[in-house]
Amino acid sequence: MRISDLKCAVIGKNPIVRIVTDDGISGYGEVEQYKPYLKPFVMQFREALIGEDPTDVERVMLKIRQRGAFKPYGSAISVIEMALWDIAGKAAGVPVYKLLGGKVRDKVRVYNGALRVPMTRFRPEDYAAEAKRMMELPEGFTIVKQGISFHSPMKREFKDYYYGEPSPSPFHGALDRGLLTERGMAYTLDCVAAMKGVLGDRIGFALDCGPGWMVPDAIRFARAVEKHNLLWLEDMITGDYVPFVNADVYREVTQATSTPIHTGEQIYLRQNFKELIEKKAVRVVGPDPCDVGGIAELKWIAEYADLHGILMAPHGTGNGLLGLAALVQVSATLPHNFIAFELPTGDPAWWFDIVDGLPAPLVRDGMIEVWDRPGMGVEINPERARRYLLPEDSAFFD
Ligand SMILES: [Mg+2]
């Protein structure tokens, strides 16, 4: 079997990759909904892929992997990897998890970071109300995560939150950083306490915090919330869209507290997790399969983290329903350091009408049952999806 074409269409907000083969099997992958601009970056790999055997996934990846980078530029490489696994599974007649070593669990736990209603007020009682809404969703989530501090409007909405000016840039990442004021710190802690008061001890609670914290604040905060038994504090120092890791600085924070520290969603490739893991700079790593280089890449990192006593909670907010399928396939195979992955959703909701193969309901008691169809086990239905194609992508399913 040989690759005969690579196509990419922006459906809704997500670039969708289709790898076409000469024996009629196609493989699909989905780029995060926040990155519709990546289509040309995907298409530059067309010539490199044509003629290759898609079932030799690693050999194909060796041709293109060096052209990726930290978020957002690892996405194209990552979703091509997933499309190759989809083909390999379909060709072998087995679900992708079998090709990754087989499943170690029949259900995978998911956590809610994406099913949120944008908040309009930001008092502690508003955070408590949002926590209550999240825990009462029909999915029955056993873990919820909320954005606070620099990873939220707090930095703008609370007057004099920190010793700095929130950036007007539309991009978040390394720009908004600084030392919190005493009142900013106290307010953040009040909001956390209000949420914890609602969630109690039956729902796991994690916080997405930055990036942007300074080390003394990070240590002070992590120690102050120890009494709440949080699952993790995510991305305090570096994180989303920061093109570096800063393992040494993370290590200092991790060593100063019993609250687990988490990072990794922006990081591309296993090599860039090496220092974090070997230095035990964090307690939890959270690569995103759609940014890190794919699902086999993520599994390798999970195994290496497990050898070092580090937990795994993959990121996935914007990965769409094909990204969800890939997360289910790989998470079924991860070692016991796996906690849960962040549930992506279909946005707009019509995505659920054009993707076949997902269980209904998708999530029960905070878990997704692993399905057994070949490949990733989900398909975009061309008849129902065609109406959402842009004119320039009208031949995507042909
Ligand atoms: Mg995050």
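Reader: Which helices do the buried residues of α3 pack against?

Author: In this predicted model, they pack against α2 (46–49), α4 (75–92) and α13. Contact means that C-beta atoms, placed from the backbone, lie within 7 Å. Helices are DSSP runs (H or I, at least four residues) and strands are E runs of at least two, numbered from the N terminus. Residues are numbered from 1 along each chain as its sequence is written. Local features need pLDDT of at least 70, side-chain atom pairs count only at pLDDT 80 or more, and totals for chains, interfaces and linings use all residues.

Reader: Which residues of α3 are buried?

Author: First the cut-offs. Buried takes 20 or more other C-beta atoms within 10 Å of a residue's own, exposed 12 or fewer, and partly exposed lies in between. In α3 (residues 57–64), V57, V60 and M61 are buried. They cover an arc of only 100° around the axis, so they sit on the same side of α3. The arc is taken over directions from the helix axis to the C-beta atoms.

Reader: How do α3 and α4 cross?

Author: The axes of α3 and α4 come within 10 Å and cross at roughly 160°. That makes the pair roughly antiparallel. The classes: under 35 degrees is roughly parallel, over 145 roughly antiparallel, 65 to 115 roughly perpendicular, the rest oblique.

Reader: Which residues make the contact?

Author: From α3, V57, V60, M61 and I64; from α4, I77, I80, E81, L84, W85 and A88. By class, that is nine nonpolar, no polar and one charged. Ala, Val, Leu, Ile, Met, Phe, Trp, Tyr, Cys and Pro count as nonpolar, Asp, Glu, Lys and Arg as charged, the others, Gly among them, as polar.

Reader: And how do α13 and α14 cross?

Author: The axes of α13 (residues 295–307) and α14 (residues 320–331) come within 10 Å and cross at roughly 40°. The two helices are therefore oblique to each other. I295, L298 and K299 of α13 meet A326, Q329 and V330 of α14. That contact has four nonpolar, one polar and one charged residues.

Methods:
Axes fitted to C-alpha atoms, helices over the stretch in contact; angles between N-to-C directions. Contact = placed C-beta atoms within 7 Å.
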